[in-house]
Amino acid sequence: MTEKLYYDDVYIKESLSRVVEAFEKDGKLLVVLDKTPFYPEGGGQPSDTGRIGDAHVSYVFEEDDTIYHVVDKLPENTLVLCNIDFERRYDFMQQHSGEHMLAATFYKLYGAVSQGFHMGDDYVSIDMSFTEISTEEVKRIESVVNGHIYSNVPVNTFVVTPEESRSLTLRKRVEGEDQVRIVQIGEVDACACCGTHVKYTGEVGIIKIIKTEKYKGMTRIYFKCGRRAFEDYILKHDIVSTLVRNLSTGEGELVDKATNDMAEVKALGRKLGEYKRRLSGYEAQNLKARAENRVVSFIYEDKEMDEVQMIAEDLASEDLFIILGSALSRGIIVFSGGGHNVNVGQFFKENMKAFSGKGGGSAKRAQGSFGYAEDMKAFAAELLKQVNK
Ligand SMILES: [Zn+2]
C-alpha cells in the first residue's frame, strides 16, 4: 500500500520517498514508493508526470492500493527525490473543480445529469443529459459558476463509509467501495470523487464554455478554466485585434463589418462569374475565327483552368478539334472533332506518362494536368502534330 501524499495535501509538489520495488514488466519500467505525491490516473483525471530522481515519470496508475510509476530508467538509490509537474497538475485541479461546479449548476438549474467527462491536455468536456442548449442558457450557467468562483467557497474532501454516504445529499455516488471520498464545495456541490481539487473555488479563476455540440442524444459541453481560459483569452484577443487592424474597424463593429464584407465578396464573385461567362463566349468566337484546318489550339498564360474549360465548352458544338490549356493551372482540355480522326482518350493514355502528366478521357474528350507548364506545352505540340498528320 502506497501512502498518498496528494490526499494529505494537494499542493505537495515533491517528496523524499523510499523505493519499495523497482522492476520491469511487459516492457515497462515500474517503480513503487513508500509514499508518493504523484496522482494516478482515475476519476476522469489524467495521472501526474514528473521525475523520480533523474528518471522521467510518464504515467502513474493504481492497482490494489499500490501506486505504480512508469519511468524511463530504474532508480539506483533507495531514497529518491520525487517532483511532480505541478503546473500541469494545478491545471487539472482547476479544470476538475470547475467541472464539479459546472455539472452541479446544470443539475440545479435544469435537472441535467453529467454522463461523461473528458479531461486531457487537449480539451475538457462533459456530456450532459439533454439534447439542446440555448445561447442564453449557456450564458446563465457561466454566470452562476463564475459567481461561485468569485465567492471563493472552500472545497473540502473527506472519507465516509458507504452507509454514511447514503445519508448525504450527493450529486454522484460510487457504489461497492469500502470507503467513499466526498468532495464538497460549500453549498454548491457534494459528490463522490477521487480526483485532486483546489482548496478554494477562487483558484479556478474563471470558467468559460467554449463550444457545445450534439453527442449521442446528449450535449457535449467544452469548457476551459483557470490558466487555460486565460491563454484562450490571449489567443482570441490576438485574433480580434488582428481582424480589427486588417479590416480597419472597431471591436464593436467587427461582426457587422465581417458579415457585410463576406456578402460583398459573394456578390462580386457572382458578378465576376457572369463576366467570365460572357468573356468566354467572345473568346470562343475569336478562336473559332482563327481556326485553321478546323483545329483550335491555344495555351493561355494568364487564365485559370475553369475559364479555359468554359471557353472549350462554348466551342464544343462547333465541330472543331480543340486543344486548350492553362499554363497558370498547368491543365489541358481536348475535344476531338472537325473531321480529325484522333482518339484523344487513347492518345492521353499512350503519351501522358512521357510528359509526367495525369488524366484521360473518352475518344472524344480528355483532360489532364501536368507538374510543369513546359511539359504540358510539349504534350499539346505532340498532339497537334498527330492531328495535322
Ligand atoms: Zn470529480
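Select Asn-146 to begin: leaving out residues up to four places away in sequence, Asn-146 touches Ile-206 and Ile-207, where contact means heavy atoms within 4.5 Å. The model is predicted, with local features needing pLDDT of at least 70 and side-chain atom pairs counting only at pLDDT 80 or more, while totals for chains, interfaces and linings use all residues. Residues are numbered from 1 along each chain as its sequence is written, and side-chain values use heavy atoms, without hydrogens and water.

Helices (H or I, at least four residues) and strands (E, at least two) are DSSP runs, numbered from the N terminus. Is Asn-146 buried or exposed? Asn-146 counts as buried, at 10% relative accessibility. Buried means under 20% relative accessible area, exposed over 50%, and partly exposed in between, with a 1.4 Å probe and protein chains only.

Next, select Leu-81, in strand S8 (residues 79-84). Leu-81 has a relative accessible area of 41%, so it is partly exposed. Which residues does Leu-81 contact, apart from its neighbours within four places in sequence? They are Ser-15, Leu-16, Arg-51, Ile-52 and Gly-53. Draw a distance from Leu-81 to Arg-51: their C-alpha atoms are separated by 8.1 Å, and the two residues are 30 apart along the chain.

Now select residues 254-289, helix H6. H6 has 36 residues and reaches 52 Å from its first C-alpha to its last, close to the 52 Å expected at 1.5 Å a residue; the expected span is 1.5 Å times one less than the number of residues. Colour its buried residues, which are Leu-254, Gly-273, Ser-280, Glu-283, Ala-284 and Leu-287. What do they pack against? Show helix H5 (226-246), strand S16 (295-300), helix H7 (305-315) and strand S17 (321-326) to see the partners.

Finally, zoom out to the whole protein. Its secondary structure comes to nine helices and 20 strands. The C-alpha atoms fill a box of roughly 100 × 55 × 40 Å, taken along the principal axes. The radius of gyration is 34 Å, whereas a compact globule of 389 residues would have one near 21 Å; the radius is taken over C-alpha atoms, and the globule rule is 2.2 Å times the number of residues to the power 0.38. Buried residues make up 42% of the 389 residues. Among contacts between residues at least 6 apart in sequence, 60% join residues at least 24 apart.
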